[in-house]
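Please open the structure in your viewer and keep the selection panel handy. We will go from stop to stop, and at each one you will find something to select.

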Amino acid sequence: MRALSRVGEPVRWLASRARPRRGMGSSAAAGGRRDPGENPKVGRLRELFTGDAADGWEKSWEFGVTPWDLGKPTPVIEHLVRSGTLPKGRALVPGCGMGYDVVALACPERFVVGLDVSDLAIKKAKQWSSSLPNADYFTFLAEDFFKWIPSEQFDLIFDYTFFCALDPSLRVAWAETVNRLLKPDGELLTLIYLISDQEGGPPYNNTVAE
Ligand SMILES: C[S@@+](CC[C@H](N)C(=O)[O-])C[C@H]1O[C@@H](n2cnc3c(N)ncnc32)[C@H](O)[C@@H]1O
């Protein structure tokens, strides 16, 4: 497995209104000291997570509390697609939400599976994308990343704000699941946004080491 960790990608749900505190500029390896909870939409999102996490995600989609949603593919994915450096074959986007990245990655040489635990997210993703010219090269499935068993492993897994959105108690299971789903020579691309010293989630505190 080749793991690429790219740090510093702008993530709207954290960055838009989170106020950096003094001294965070030099603390990248330890995690930036910012509090996404200062963004009212993130605060609202967190209020939905009082019980079962899957239920919290479904509610976020139902009430339109999706502050992470860029409304377009993650810029770095568009860049990497243009550069032609990403693995071809089969790609997986866990926690795909509206699926912009799924669509951006899909092409005749690369079939992409977008997975989300929320039925509503998957319904919305299918609605906007089903008649696109490259629709034969992607699919959306309403499945739990941790329980889903595909028929084949993947050449590429692209995780964008999925890992950091999961309760930290699931991190080992996340790693085991990635390992199970990825081919031995596959590539894992995880975009994390470093935050520390803040309470709760999602998103949760995380470090490069994690
Ligand atoms: C922070 S959002 C990121 C969405 C998307 N990657 C984006 O950038 O627009 C996290 C997504 O993960 C989904 N999710 C959470 N737990 C999941 C699980 N166990 N299996 C699959 N999807 C999950 C949520 O429904 C939500 O759409």
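## Stop one: a helix and its cover

This is a predicted model. Start by selecting helix H3, residues 53–62, where Gly56, Trp57, Ser60 and Trp61 are buried. Now look down the axis of H3: the buried residues line one face of the helix, because they fall within an arc of 135°.

Before leaving, click on glycine 64, which follows H3 and has a positive phi, near 70°.

## Stop two: the nonpolar cores

Next, select Leu105, Val112 and Phe158, the residues with the most contacts inside the largest nonpolar core, which has 21 residues. Colour the elements that each supply at least two residues of this core: helices H4 (75–83), H5 (100–105) and H6 (119–129), together with strands S2 (89–94), S4 (138–142), S5 (154–160) and S6 (182–192). Another core, of 17 residues, lies apart from this one; Val113, Phe154, Phe162 and Leu166 are among its members.

Zoom in on valine 112. Leaving aside neighbours within four places in sequence, valine 112 is in contact with Ala91, Val93, Val102, Leu105, Ala106, Tyr137, Phe138 and Thr139.

## Stop three: the ligand

Select the ligand and show what is around it: 19 residues surround the ligand, and Gly95, Asp116, Asp144, Phe145 and Tyr160 are the closest.

- From a nitrogen atom of the ligand to a backbone N or O atom of glycine 95: 2.8 Å.
- From an oxygen atom of the ligand to a polar side-chain atom of aspartate 116: 2.6 Å.
- From a nitrogen atom of the ligand to a polar backbone atom of tyrosine 160: 3.0 Å.

On its own the ligand has 600 Å² of accessible area, and the protein covers 96% of that.

## Stop four: a loop phenylalanine

Finally, select phenylalanine 146, in the loop between S4 and S5. Its relative accessible area is 23%, so phenylalanine 146 counts as partly exposed. Which residues is phenylalanine 146 in contact with, leaving aside its neighbours within four places in sequence? Show Leu166, Leu170, Ala173, Trp174, Thr177 and Arg180 to see them.

Terms used
Residues are numbered from 1 along each chain as its sequence is written. This is a predicted model: local features need pLDDT of at least 70, side-chain atom pairs count only at pLDDT 80 or more; totals for chains, interfaces and linings use all residues. Side-chain values use heavy atoms; hydrogens and water are left out. A nonpolar core is a set of buried Ala, Val, Leu, Ile, Met, Phe, Trp, Tyr and Cys residues joined through side-chain atoms within 4.5 Å. Buried means under 20% relative accessible area, exposed over 50%, partly exposed in between (1.4 Å probe, protein chains only). Helices (H or I, at least four residues) and strands (E, at least two) are DSSP runs, numbered from the N terminus. Contact means heavy atoms within 4.5 Å. A residue is near a molecule or strand if one of its heavy atoms lies within 4 Å of it. A polar contact is a pair of N or O atoms within 3.5 Å; within protein, one must be able to donate a hydrogen and the other to accept it, and residues adjacent in sequence count only if both atoms are side-chain atoms. Accessible areas come from the Shrake-Rupley method with a 1.4 Å probe; for residues, only the protein chains shown count as cover. The arc is that of the directions from the helix axis to the C-beta atoms.
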